[in-house]
Amino acid sequence: MTDRAIGASLGEIRRLVRDPLLAFVVAAVLAALAVFILYPLASVIIVSLRPDGRWTLEIFRHVVSNPYLLQGFRNSILMGVLTAVIGTGIGFLFAFAVTRADVPFKRILHAVAIIPIVSPPFIGALAIIMLFGNNGFITWNLLRIRNFPIYGFTGLMIAQAVTFFPVAYLTLRGVLESINPTLEDAALDLGGSRFRVFRRVTLPLAMPGIASSMLVLFIETLADFGNPLILAGSRFPILSVQAYLQITGMYDLPTGAALSVLLLVPSVTAWVIQKYWVSRKRYVTITGKPTISSVKIVSPAVRSLIFAACLAVTAFILLIYASILWGALAKVWGSDNTPTLRHFLYVFGVGFKAVRDTLTIAGLSTPASGLLGMVIAFLVIRKSFPGRKFMEFTSMLSFAVPGTVIGIGYILAFNKPPLVLTGTLLILLLNFVFRYVPVGIESGVAILQQIDPAIEEAAVDLGADARTTFSRVTLPMIVPAYFSGLVFAFVRAMTAISAAIFLVSSRWNLMTVQIMAQVESGRLGAAAAFSVILVLIIFGAIFLIRALLKARYGRYGGSMLKF
Amino acid sequence: MSVRLDKVSKVFLDPSRPEGSVTAVDRVDLEVREGEFVTLLGPSGCGKTTTLRIISGFEAPTRGDVFISGERVNDQPPNKRDTSMVFQSYAIFPHMSVEQNVGFGLELKGRPKAEVREETARIMNVMGLTALAKRRPDQLSGGQQQRVALARAVINKPSVLLFDEPLSNLDAKLRDQMRLEIRRIQQSFGITSIYVTHDQIEAMTVSDRIVVMEGGRVMQIGTPFEVYSRPANRFVADFIGRVNFFPVTDASFSEEGLDADYRGVRIRAGSRNGDIREGGAAVVAVRPESLRLEPESGSAARFLRGRIDKAVYLGAVVEYEIDAGLDRPVMAVSHDPVVAGFFRVGDGVSLSFPPAAAHALAPEAVP
């Protein structure tokens, strides 16, 4: 450190000393991040390198020499790359259709692309089995094929594309919306053909968004656990499932840990590229007011083509949800389709504990996670203190760390003193709070960047101290964003499985884990009924939060409701 | 209540610069008297806003001391200082009504509700905001928001009122109106005020005194008359209004001012400022409106002759650019063209000026 840098951090430390409340909050947050994010991660890495008290690469040598485990690594990377490309492609198609192509039924297309985001991520896999599996509606009931090879690459590929394209859609819609259509008009006006304008203007401007979407999809697919557990099978092993099976099936913690470390490396690499490189390349359109384009970049023939493609995807997604609903109501899926409520009766009878537990855990962890996210966003954006960069990096790291890794980390870190938490509600809550804190941070950062710091300064100038400024000025302004952020955190908590599956116990169980168990024991009807209830709870929660926000903040007009 | 800055400097770390830091405010000395309206004027990046933020407490000076009412306030946070700021972006609280915004300062001081309500009503009445009391900020026009920001700042009866380019977001007409409004409010409350702007007309209209800044340093402190007609150096002369510079040599001082050689003609400037040596070089500054133009007569020995290069007729005045064979065209303005008549492009003119309108300066732009 140079003298000046030392001088700067001395200044920061002086400021902390002068504001003991800030100092306390900073210290508490840093400590919590270290204990509940870094410590479990370190535990995983250490166990894989030091299985029996001495440092060795033996475990990794064992993994690399095992063709089956190595295959899992290759498959995971392959699936991640393909999903990144295909999912981003479909996402771009939808985003382009909605923002540029002026196709009919835009609102419906938008809704269809949103539904998978607010559903459990393995609903696609469940539906694919119900449609194409051994007793599949299409493969067996319609086509009379026995043992259609849906397990493995094909089935998983379809499930992952359907599950993750909405993430790409949301990113790219924002990107395309921010590209001023008059730029395209200008290029057309200069004499470019439509295709040339798309290739030379629209696409290059959207490129950073496309790259960012691909990296995010790669990370999410790599980390995904639900779909591969249902669909991958033994012919197409996937790393996250292998790590889980090593631990729960063979009680081999070091190998499971080593596999999850293999998962961690590409995932964190992609995240660092996304965060520190791609996201800096974003173009900013340098114009004032948004303008409406008079000339559309899409010709009628191309518009029909785009619309047809979107319709096909839409039909498939509707088919998925229809089959889940139907499966929940059919007596025995594939052989006896008489409607019955007995699966729902099961969910509300024997299975109701899981529903209650899930609601308790999501209901407790979501507000806490959202609040922590807001506090971290506030500290990182508005305050300067030693460890600010560390706080930002660590708290966002959860996004890059596959759930499998963090789940294994938690059982390693918290099954021995000083913190024995395995089997408790607390371990699930802590896991959820710290795992979904990036959601809260992102919405907090977005809103704080929109709020002029002068507004907070004005309060200080009028005589408010730090606490009053936060509670009377900052907090009321960010509350709507806090609740919007809660929606996504709640969805994530309700649908979480990859980390949670390591942490559930007979005392505390989750609906997602229940669904998995039902699928594994072949009770597709019960799994479908659980899924329907889960989706309904999520929709209900979203509707409730929206209504509350509108009732509470509607009178502030647009400026407070935009988020 | 007075404000005093004693050799105040502010150094920001800036890794992008080779020296690793930038001096935003450089040894600024300033004394603002009770009830006075002082403007910090300068181009962007001259350190005026940083100086204001040091007075308000949002920035700590790297060196030097700040005194408010004789008390050293370096270590006082902004919420403990008896200053109120009107922000460039107004910084109206978006989740509070006009009334709540205006009354917030008193509320923070823990005043009884009735008193807050009464005082808020009184201030809103003075500011013409009564009809808007229940409105939300996003239902206000720019000028109304400006009024709310001002009302919110004066309600605390601060010792010092600080303005950070408060009019820069308003359109021209509203700006003229708010300028007078601000001056009226300031005078009726008698609050010591410090105002930051880069607009010289704004500074001339509202201020008792103007502080001209450049590169973090104070170039001149003076009344509007002084900074315009008796600038301290070439930077001030050039920054405030338009000006012609005539480089002269062989200066000599007398009762009437300064005499010096300009291209073989002895000319006289009625006043001078800065470091000019007997027998040395200087620059004579003459404002365009002080130059007299006459038709070229051929015989009369004027100090400069030229030809009209551009003539812009603006109704009340005519603006000329005259090619006199110098590096830059000479600027001149003549008033009341209906009575005085005006020249056309190509006409030959001879130029003169009364010594009282000429001001001699040291040849360097900035000391």
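Chain A has 26 helices and four strands. This is a predicted model, so keep that in mind throughout. The radius of gyration of chain A is 25 Å, close to the 24 Å that the globule rule gives for 563 residues, so chain A is as compact as a globular protein of that length. Along the principal axes, its C-alpha atoms fill a box of roughly 75 × 70 × 50 Å.

What do the two domains bury between them? About 3,700 Å², with carbon and sulfur atoms giving 84% of that area. In residues, 46 from domain 1 of chain A contact 45 from domain 2 of chain A.

Glu220(A) and Arg492(A) make a salt bridge, at 3.2 Å from N to O.

Which elements build the domain 1 side? Several helices of chain A supply at least two residues each, among them helix 2 (20-49), helix 22 (466-495) and helix 25 (524-553). Helix 25 of chain A gives the largest share, 12 residues. By class, that side of domain 1 holds 35 nonpolar, eight polar and three charged residues.

On to chain B. Here 28 residues of chain B contact 25 residues of chain A. The two chains bury about 2,300 Å² between them, and 59% of it is on carbon and sulfur atoms. Within chain B, Asn79(B), His95(B) and Leu108(B) lose the most area to chain A. Together they account for 24% of what the chain B side buries.

How many salt bridges link chain B and chain A? The count is two. Arg472(A) pairs with Glu107(B) in a salt bridge, and their closest N and O atoms are 2.9 Å apart. Eight residue pairs are in polar contact across the interface of chain B and chain A, again with both residues at pLDDT 80 or more.

Three elements of chain B give two or more residues to the side that touches chain A: helix 1 (48-56), strand 6 (83-86) and helix 2 (98-108). Helix 2 of chain B has the largest share, four residues. This side of chain B divides into 12 nonpolar, 10 polar and six charged residues.

How values were computed: Residues are numbered from 1 along each chain as its sequence is written. Chains are lettered from A and ligands numbered from 1 in the order in which they are written. This is a predicted model: local features need pLDDT of at least 70, side-chain atom pairs count only at pLDDT 80 or more; totals for chains, interfaces and linings use all residues. Side-chain values use heavy atoms; hydrogens and water are left out. Contact means heavy atoms within 4.5 Å. Buried area is the accessible area (1.4 Å probe) that two parts lose on being put together, summed over both. A salt bridge is a side-chain nitrogen of Lys or Arg within 4 Å of a carboxyl oxygen of Asp or Glu. Ala, Val, Leu, Ile, Met, Phe, Trp, Tyr, Cys and Pro count as nonpolar, Asp, Glu, Lys and Arg as charged, and the others, Gly among them, as polar. The radius of gyration is taken over C-alpha atoms; the globule rule is 2.2 Å times the number of residues to the power 0.38. A polar contact is a pair of N or O atoms within 3.5 Å; within protein, one must be able to donate a hydrogen and the other to accept it, and residues adjacent in sequence count only if both atoms are side-chain atoms.
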